[in-house]
Amino acid sequence: MRHPAFAEPVSREQLVDWYRSTRARSQRIFSIPLPECYYERPISLRNPIVFYEGHIPAFAVNTFVKRAFGKSGINAEYEVLFERGIDPDDEKAVRNKAAMWPSREAVQSYGAAANTLIERMLLETDLAQISEPAFTIIEHELMHQETLLYMMHNLPYDKKKRQSTTVTTGGQQPANSNQIKIPAGTATLGATHDQLPFGWDNEFPSQTAEVGDFAIGRYKVTNGQYLDYMNSTDASPPHFWLRRGGQWFWRGMFELVPLPLDWPVYATHDEAEAYARWLGQRLPSEAEYHRAAFGTPAGEERLHPWGDAPADKTRGNFDFAHWDPVPAGSYPAGASAWGVHDLVGNGWEWTSSHFDGFPGFQPMPLYPVYSTDFFDNQHFVMKGASPATARELVRRTFRNWFRPNYPYVYATFRCVS
């Protein structure tokens, strides 16, 4: 039983530990809001917090217990009510905030019953049968942990329990923030099933793209650079900025911070495109990102920007190391072969590529609508990782995507010419 985040085959004990630790982290995230905020919607285009505490175990039961093994669920009503999250065009598609939701005690009781059932199946079912469905429900939860933190980030400070936090900033924009020239070459996107023991359907199959020469920013665009752009153009501030008393602040997870000029700016795709146009440049394509991140002057391609060594805390700001960004270039051990920094961590990176399947795409049987509902020319690919991206999701083929005007994502960008 193999997973790309583990160098050796995953044992049954490791799988159960991974499932338990993932569930425990979700419980810690759900403890951030004050109890009286349980039915609120910190992001208007999302369901209330209660939905997601029910959705994660319901997805696990529907996918692992019912779909993969054809067994009975726990609560048929909940397994419909909490079946699927949404990515709507507007608030009309969101379940009405006044609609009746179960009590928190009932939702948590359902989650506990789901945990017991799934753990028993993980311990008793043949290993050859459980790998794909188990990895599916665990990675699904890891992804939701990040999107949950987007919601928690948008919750007012007086409605959440403050956690320990450390703000890291040098206060200045990074030196030598010039662009790096990348020569023409090939980039491999996606993978074959032989190469990638587990992945989501949009990560397959493998394809090779010819990429012309280009120059790309050594670092992500910083708050300081974006502030210069705003002062020159009267552009609106990003969602994560707030102005008080004539001073700009960063909306941190648990406190306002005087705007750190050396942090990467979190921006929408629309804002990133406008900034790039102002410079007479553009956003990189998905293939250009791959060339800058995984290509080498010798012509080989790496598993990660830094090489083939596993992702760890020295390589970038990911895996919940920080609640917020850190100064651009803080992880030199994570730089690519070309010397491009922070390609993984400190914020997802927007590309100019619309999210779509690679030629030969096939939906995954266990979750056939995971990608296909978003092949609509209205979502853009993001690559890399953010501070809230789990280590197990850090792989070359992983693809994230969002609408170009969605302001709550931990999304950064860099320009190419």
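Me: In this predicted model, contact means heavy atoms within 4.5 Å. Which strands do the buried residues of α8 pack against?

Reply: Helix α8 covers residues 286-294. Nine of its nine residues are buried, among them Tyr 289, His 290 and Phe 294. These buried residues pack against β1 (179-182), β2 (185-189), β3 (207-211), β4 (214-217), β8 (348-354) and β9.

Me: Is Thr 397 buried or exposed?

Reply: Thr 397 sits in the loop between β9 (380-383) and β10 (400-402). Beyond its neighbours within four places in sequence, Thr 397 contacts Gly 190, Ala 191, Leu 196, Glu 203 and Lys 383. The cut-off for buried is under 20% relative accessible area. Thr 397 has 7% relative accessibility, so the residue counts as buried.

Me: How many residues apart in sequence are the parts tied together by Asp 373 and Arg 84?

Reply: Asp 373 forms a salt bridge with Arg 84, with the closest N and O atoms 3.0 Å apart. Asp 373 is in the loop between α9 (369-372) and β9, and Arg 84 is in the loop between α3 (78-81) and α4 (104-124), so the pair ties together parts whose separation in sequence is 289 residues.

Note on methods: Residues are numbered from 1 along each chain as its sequence is written. This is a predicted model: local features need pLDDT of at least 70, side-chain atom pairs count only at pLDDT 80 or more; totals for chains, interfaces and linings use all residues. Side-chain values use heavy atoms; hydrogens and water are left out. Helices (H or I, at least four residues) and strands (E, at least two) are DSSP runs, numbered from the N terminus. Buried means under 20% relative accessible area, exposed over 50%, partly exposed in between (1.4 Å probe, protein chains only). A salt bridge is a side-chain nitrogen of Lys or Arg within 4 Å of a carboxyl oxygen of Asp or Glu.
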